[in-house]
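Trainee: I would like to learn how to read a protein model step by step. Could we go through a few features together, with the general idea before each case?

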Amino acid sequence: MTPAKRSTEEAMVSSFNQTIEPEEYREQEQGGEEDEPFGGFKSFLWHGGSVYDAWFSCASNQVAQVLLTLPYSFSQLGMVSGIILQIFYGIVGSWTAYLISVLYIEYRGRKEKENVSFKNHVIQWFEVLDGLLGPYWKAVGLAFNCTFLLFGTVIQLIACASNIYYINDKLDKRTWTYIFGACCATTVFIPSFHNYRIWSFLGLGMTTYTAWYLTVAALAHGQVEGVKHSAPTELVLYFTGATNILYTFGGHAVTVEIMHAMWKPQKFKYIYLVATLYVFTLTLPSAAAVYWAFGDQLLTHSNAFSLLPRSRWRDAGVILMLIHQFITFGFACTPLYFVWEKVIGMHETKSLFLRAIVRLPVVIPIWFLAIIFPFFGPINSAVGALLVSFTVYIIPSLAHMLTYRSSSARHNASEKPPAIVARSWTIMYVINTFIVVWVLVVGFGFGGWASMANFIKQVDTFGLFAKCYQCPSKAPPTPAAAAPH
């Protein structure tokens, strides 16, 4: 590396260290805290931008409610395929998250050189695509990302209603969806990912408890009488389960927003991989144990809670997952809030209360869609095949190849290929091409066919606006015995 080149890169890193320090957050949210007795404690809980905050955000956001549907996926795939595909998609997801982080650094570096200020402005994925590849890519990125996040929040509401029903079945799942829709609307008051420090930490603790509860409870319960593990049996079921796992490790649609909340986003590069390795310790044991215990029964029970006996441990897991789904709703909805603010010209408004008010219309269509399509499990696969496949696998891989297609772009790249690919651009292109072809054919093609076939089957069986999807039938009240003569 020439001295001139080295000095340019060092200047860029120095610029990042200075400008990404959360100046805007201090002005908006920390004003007057020095005079408050609990200002330091509030700052500790509220203002996160470290590497650890980003790791907690990635790990917490990745598992969420899909933890409860992975045993269902194993019943469609079989044990061996379920384990292999989790590891495969976990690695592929970590790679494309790395690509997104590289493209963010490239975009931010170019804008810094042009003296563009992002004070009070959160950079988003579609803006990165616009800056690097032009308006057509911006439109594609915006469409896929927003649609995915929209249905991601819908899934959280469905999961809330599905889970609470196992504690209190006096209300049907549709009514619980109304209630939790109102509760989740309060996320409009959380300004940005910078303010999810305590929530991310707690959220990961909640999913960790739930995962190990599922594992221990299934092993303690033992195998049900006559248990069968017949999967895989049908191509439709196999590819439906595969796309649900693709969805599991495609939770990095909010990577850019998490990076922008960091004080030093250039340190993000391998955070998602480390988060994924931790997530494996939650998803693999729990899915394998529950499938071992219940086998084919899971084909008609997409929520793992539904097969485990009622206990205080299960109730604790349900409650913790409800809280976590509220957090994940905020994770998925916050980028939508940002987009809406930018559309109506309110994104740089300093009043948090005013921004909360203008965000409320975003929640209404989410609420409505959760009531129309309450299909817990099948909707994960459909979203994975049709939206996640492009949003977090195909588009980042293509965008990276096109951004660095010229020798000058590769020479001036802010981030060179990592050591794991021997610093080779050729190997990076080969990996990216493989991901595009694989996900396009297997994820979008076969997965889209299978998941939509399964989704349509659920609509035909239960209908739209289903009042209580997969609820156990309640026995009619026993008639009173006839009085003796």
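Mentor: Let us begin with a cut-off, since we need it at once: a residue counts as exposed when its relative accessible area is over 50%, and as buried when that value is under 20%. Please keep in mind throughout that this is a predicted model.

Trainee: With that cut-off in hand, is Arg423 buried or exposed?

Mentor: Arg423 has a relative accessible area of 55%, and because this is over 50%, Arg423 is exposed. The residue lies in the loop between helix 17 and helix 18, and its phi is near 60 degrees, which is a positive value in a residue other than glycine.

Trainee: What is phi of Ala422, and where does Ala422 lie?

Mentor: Phi of Ala422 is also near 60 degrees, again positive although the residue is not glycine. Ala422 lies in the loop between helix 17 (407-411) and helix 18 (425-462), and with a relative accessible area of 57% Ala422 is exposed.

Trainee: Which peptide bond is cis, and where is its proline found?

Mentor: The bond from Ala231 to Pro232 is cis, with omega near -5 degrees, and Pro232 is found in the loop between helix 10 (197-221) and helix 11 (235-248).

Trainee: Now I would like to look at the inside. Why does Gln86 count as buried?

Mentor: Gln86 counts as buried because its relative accessibility is 0%, which is under the 20% cut-off. Gln86 is found in helix 6 (residues 79-113), and, if we leave aside neighbours within four places in sequence, Gln86 is in contact with Leu70, Phe74, Ile245, Phe249, Phe280, Thr283, Leu284 and Ala287.

Trainee: How should I read a nonpolar core, and which residues touch the most other members?

Mentor: The general idea is that in soluble globular proteins nonpolar side chains tend to be buried together. In this model the largest nonpolar core has 134 residues, of which Val128, Leu214 and Tyr393 touch the most other members. Helix 13 (residues 271-294) gives the most to this core, with 14 residues. If we take Tyr393 and do not count residues up to four places away in sequence, we find that Tyr393 touches Tyr89, Val92, Gly93, Thr96, Leu246, Phe249, Gly250, Val388, Ile435 and Val439.

Trainee: How do I read the packing of two helices, for instance at what angle helix 8 and helix 9 pack?

Mentor: One looks at the angle, at the distance between the axes and then at the residues in contact. Helix 8 (residues 135-164) and helix 9 (residues 173-184) pack at an angle of about 125 degrees, with axes 8 Å apart, and these two helices are therefore oblique to each other. Helix 8 passes helix 9 in a right-handed crossing. The contact is made by Leu157, Cys160, Ala161, Ser162 and Ile164 of helix 8, together with Lys173, Trp176, Thr177, Phe180, Gly181 and Cys184 of helix 9. By class, the residues of this contact are seven nonpolar, three polar and one charged.

Trainee: At what angle do helix 8 and helix 15 cross, and which residues make the contact?

Mentor: The axes of helix 8 and helix 15 (residues 352-372) come within 9 Å and cross at roughly 60 degrees, so helix 8 and helix 15 are oblique to each other, and their crossing is right-handed. Helix 8 contributes Leu150, Phe151, Thr153, Val154, Leu157 and Ile158, while helix 15 contributes Ile366, Trp367, Leu369 and Ala370. This contact of helix 8 with helix 15 divides into nine nonpolar, one polar and no charged residues.

Conventions: Residues numbered from 1 in each chain as written. Predicted model: local features only at pLDDT ≥ 70, side-chain atom pairs only at ≥ 80, totals over all residues. Heavy atoms only, no water. Axes fitted to C-alpha atoms, helices over the stretch in contact; angles between N-to-C directions. Helix = DSSP H or I, 4+ residues; strand = E, 2+ residues; numbered from the N terminus. Parallel < 35°, antiparallel > 145°, perpendicular 65-115°, else oblique. Left-handed = near helix turned anticlockwise from the far one by under 90°. Contact = heavy atoms within 4.5 Å. Nonpolar A, V, L, I, M, F, W, Y, C, P; charged D, E, K, R; others polar. Core = buried A, V, L, I, M, F, W, Y, C linked by side-chain atoms within 4.5 Å. Buried < 20%, exposed > 50% of the residue type's maximum accessible area, 1.4 Å probe, protein only.
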